[in-house]
Amino acid sequence: MSLSKINLLSDNPNPLVVNNFIGGNFVKSSKYLDSYDPSTGEVWAQIPDSDSDEVDEAVRHAKNAFPMWSNKTAAERAKFLIKMAESIEENIEILASAESRDQGKPVALARRMDIPRAALNFRAFAESICHHLNISNGIPEMGCMNYTVRKPVGVAALISPWNLPLYLLTFKIAPALASGNCVVCKPSEVTSVTAWMLCKLAKDVGLPDGVLNMVFGTGIKAGEALINHKDVNVISFTGSTNVGRHIGQVAAKSIKKVSLELGGKNAGIILDDADLSKVIPATINSCFLNQGEICLCTSRIFVQRPIFEEFVQRLVQETKNLKVGPPTEDVFMGPLVSQAHLEKVKSYIDIARKDGATILCGETVDELSLAAPHNQGYFIRPTIITGLPDSSACMQEEIFGPVVCVSPFDAEDEVIERANNVKYGLCSAVWGQSGERLLRVAHKLHVGTVWINCWLIRSLDMPFGGMKESGIGREGTSHSLDLYTEETTICYKFQ
Ligand code: NAD
């Protein structure tokens, strides 16, 4: 079996033509959508505008492959997943460069974060499924033993967003396949290219036909057809809260299992004993990495009053030094993902201005001049805002870009109340030196993850997910099994 570098771009014209992957074959669509290079605004790929017939065909192939795939042992399935991990690692350069061109993130970031994590997803779930222990419990007084068995659910619909395209999609594919399901994926229409490349790798490593299917296109057409399909048994969705709410309603009507990983409005809390030499660079990372287009990015910073002035002055100074430019170059930030998203992010800066804020650096404050063709790209400088009331839309709603609002606080109880006072509950980061204070604050935050003196570090064995309108369910090597399998309890009475 070949695990060599494969030519993922072979036979493709400019712009690239992406095709659906159904039943082990690349299938042409009758209609295509343009996909833009966000650093130039030019069309660089065309992706299928799939309809319900194409979705139906993909689900049919997944359903047909299910008996074969689910009857394999966990170790047999794990072998395929390990090969996928190795193949991703072999092809890291081309995957990283495609992810960067499609999404706008610096290629160095894709090489360091997105693509290695996609490989890790396959490896981690391959290993964990082979070591999974079912629950067992003896009842000696009744002469019985209870134990559970886990069964795959069937056909899984996996729907992913545009910010970490391959990273998040493989975090769904790997556990779904490891536990014996067959999948139909619908990646974001804005960033489809690495998902299509992944199908080429799957074919190359010999993943059986129909186990992994990919339909590209819009949420309103391909996505709707998928979530409403009668033969889809489980839906795993990562994306915005509004779409998640709708998917939850559709799933409820047909009693499909569902997991929702949604938006956030994450707080960074800087206590007055924090070491600013460490906190400032880490906070800049947490606000602006991936152009601030990570659901876990910090978008509100609360700083204890004695260090507020110094914190803001140093944060602004270091942020102004960040390099923004073409993602193929040595930059910290590339362009935002799309023209529409750039307009959305700018509209929040306008709201901040109307709400009386001071824009300390960023859009229309610092100059950003780029040579052609990048002068048509969707660039914006990292933006820091102060002086907003907590009631401002900028302090309440998800902006999902390189914009952060900074505000002072006095007491611990006050900051806990203000940090929790949003509809979201995804994550927070707390910075300081006194362990007692840090834990006191961390334990009272209503979020799925609290980082103390760090950000974005997580073992895949730990549960990941959000509270309140940030989602339902948890993902992780053991927690994802709750979504992708059903448990049967068996009670065996000894004769
Ligand atoms: P989105 O909700 O617009 O789209 C996400 C996916 O859903 C896309 O593939 C889209 O085509 C599809 N979709 C849209 N409408 C659909 C419908 N009616 N039926 C089925 N599918 C549909 O989100 P986005 O703009 O792509 O991504 C940004 C959002 O994702 C942000 O809110 C961000 O916080 C969130 N996000 C959350 C996490 C997390 O783990 N909690 C991770 C990354 C991104």
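**Before starting.** I reminded myself that this is a predicted model.

**Where it sits.** I looked for the ligand among the pockets and found it in the largest pocket. Then I checked the domains. Domain 1 (16–262 + 470–490) and domain 2 (266–459) both give residues to the shell around the ligand, so the ligand lies between them.

**Who surrounds it.** I got 29 residues around the ligand. I wrote down the closest ones: Lys 186, Glu 189, Ser 240, Leu 262 and Glu 398. Next I sorted the shell by residue type, which gave me 14 nonpolar, ten polar and five charged.

I went through some side chains one by one.
- Lys 186 has a polar side-chain atom 2.6 Å from an oxygen atom of the ligand.
- For Glu 189, I found an N or O atom of the side chain 2.6 Å from a ligand oxygen atom.

**How covered is it?** How much of the ligand does the protein bury? On its own the ligand exposes 840 Å², and the protein buries 90% of that.

I listed the elements that give two or more residues to the shell: helix H7 (219–227), strand S11 (234–238) and helix H8 (241–254). Which of them has the largest share? I noted H7, with four residues.

Note on methods: Residues are numbered from 1 along each chain as its sequence is written. This is a predicted model: local features need pLDDT of at least 70, side-chain atom pairs count only at pLDDT 80 or more; totals for chains, interfaces and linings use all residues. Side-chain values use heavy atoms; hydrogens and water are left out. A residue is near a molecule or strand if one of its heavy atoms lies within 4 Å of it. A polar contact is a pair of N or O atoms within 3.5 Å; within protein, one must be able to donate a hydrogen and the other to accept it, and residues adjacent in sequence count only if both atoms are side-chain atoms. Accessible areas come from the Shrake-Rupley method with a 1.4 Å probe; for residues, only the protein chains shown count as cover. On a 1 Å grid over the protein atoms alone, a cavity is a set of points where a 1.4 Å probe fits but cannot get out, and a pocket is an open set with protein on both sides within 12 Å along at least five of seven lines; lining residues have an atom within 4 Å of a point. A molecule sits in a cavity or pocket if more than half of its atoms lie within 2 Å of its grid points. Ala, Val, Leu, Ile, Met, Phe, Trp, Tyr, Cys and Pro count as nonpolar, Asp, Glu, Lys and Arg as charged, and the others, Gly among them, as polar. Domain bounds come from an automatic or database domain assignment.
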